[in-house]
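Subject: A structure to look at, with notes

Dear colleague,

I am handing over the structure below, together with some notes on what was found in it. Please keep it open beside this email while you read.

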Amino acid sequence: MDPNSREFALFIDGIRIERSLSREDLIEDIVSLSQYKRYLRGITAIPNNIVIQLADRLKYSINDFYSLFTKKHSNEHNEILDIYILIKNQQYKEAIESCHNLKDELIVSSYNKLFYEYCFVFSQYMLGQISDIHILSIFSEMVNYPECMDNESFNMIEMNVLVQIVKISASMENFSPAESLYKILTSTNFQLNYSGDSSILPLLYYYTARVFRTKGDTEKSLNLAEKGIQIALIYETSNALPHLFLINALAN
């Protein structure tokens, strides 16, 4: 199954709904209903000749069709990014309200769906609407934890979720997630596949270093703090730098 194929098929179906067109009217003399449903499930990709016909039926040129798809992805991401910024500013009630406003919209991208889900449930948790045990279960399912710890690259949402799993588990005296994340953050193969807010990287090291500081593992706390400081200087971001210097000083 190709998730990108499914996203594009759902995008087409969304345009169909916006134009008040039935599926039967859209696909008539183009493709069978069973095959169209296979596209929607992501089982097979839509051939380009079929895309051209569907775009024409929806009164779009093929170039405008692909441009609209790209724009929709970008708009979705920016709307959810605004919610994420509210969370960073600890405006959780406002974040949940924005999530509710976005809830009825068709989110095409799988990544954007994950991003939205993280923002929504994390805001609920911070407002005391979800228990520690429940949020751990939700987060674990969200990123396929602990199997995901074998990955060598992660996106921003996955790392945010893993840090929360580490912090919440540590508060319950379970340091196993912290040990696993330590191996990832100190690995030479570690990659964070995200080109946006670079401030997330130093924060990953700070929060994990703080857990080991609480645990009393000075060596790992110091190692993480030093790496976090190096990354903060490389990316020229100062949001976590004072905290990392404090952890570093305390460890020394």
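A residue is called buried when its relative accessible area is under 20%, exposed when it is over 50%, and partly exposed in between, with a 1.4 Å probe and protein chains only. The model is a predicted one, in which local features need pLDDT of at least 70 and side-chain atom pairs count only at pLDDT 80 or more, while totals for chains, interfaces and linings use all residues. Residues are numbered from 1 along each chain as its sequence is written, and side-chain values use heavy atoms, with hydrogens and water left out.

The whole chain

The protein chain has 13 helices and two strands, where helices (H or I, at least four residues) and strands (E, at least two) are DSSP runs numbered from the N terminus. Taken along the principal axes, the C-alpha atoms of the protein chain fill a box of roughly 75 × 40 × 30 Å. Of the 252 residues in the protein chain, 47% are buried.

Aromatic pairs

A pair of aromatic rings is described by the distance of the centres and the angle of the planes. Here, rings of Phe, Tyr and Trp (its six-membered ring) pair if their centres lie within 6.5 Å, and planes under 30 degrees apart count as stacked, over 60 as edge-to-face and the rest as tilted. A search of the whole structure finds 15 aromatic pairs. One of them is formed by phenylalanine 8 and phenylalanine 65, which are edge-to-face, with 6.1 Å from centre to centre and 75° between the planes. This pair links distant parts of the chain, since phenylalanine 8 is in helix α1 (residues 3-18) and phenylalanine 65 is in helix α5 (residues 62-88), 57 residues apart. Phenylalanine 8 and phenylalanine 65 are both buried.

Phenylalanine 8 also forms a stacked aromatic pair with tyrosine 66, at 5.3 Å centre to centre and with 10° between the planes. Again the pair links distant parts of the chain, with phenylalanine 8 in helix α1 and tyrosine 66 in helix α5, 58 residues apart. Why does phenylalanine 8 count as buried? Phenylalanine 8 counts as buried because its relative accessibility is 10%, whereas tyrosine 66, with a relative accessible area of 32%, is partly exposed. Phe8, Phe65 and Tyr66 belong to one aromatic cluster, which they form together with Phe11, Tyr60 and Phe69.

Salt bridges

Side chains of opposite charge can pair when their charged atoms come close. The structure holds four salt bridges, a salt bridge being a side-chain nitrogen of Lys or Arg within 4 Å of a carboxyl oxygen of Asp or Glu. In one of them, the side chains of aspartate 13 and arginine 16 meet at 2.8 Å, N to O. Both of these residues, aspartate 13 and arginine 16, lie in helix α1, three residues apart, which is about one turn of the helix, and both are buried.

Which residue forms a salt bridge with aspartate 13 at 3.1 Å? Arginine 23 does, with 3.1 Å between the closest N and O atoms, and this pair links distant parts of the chain, aspartate 13 being in helix α1 and arginine 23 in helix α2, 10 residues apart. Aspartate 13 is buried, with a relative accessible area of 6%, whereas arginine 23 is partly exposed, with a relative accessible area of 27%.

Elsewhere, the side chains of lysine 220 and glutamate 179 meet in a salt bridge of 2.5 Å, N to O. That pair, too, links distant parts of the chain, with lysine 220 in helix α12 (residues 218-234) and glutamate 179 in helix α10 (residues 176-185), 41 residues apart.

Two serines

Serine 221 lies in helix α12 and counts as buried, because its relative accessibility is 0%. Serine 221 and leucine 181 are 40 residues apart in sequence, and their C-alpha atoms are 12 Å apart in space. Serine 98 is found in helix α6 (residues 92-103) and counts as partly exposed, at 25% relative accessibility. The C-alpha atoms of serine 98 and methionine 142, which are 44 residues apart along the chain, are separated by 21 Å.
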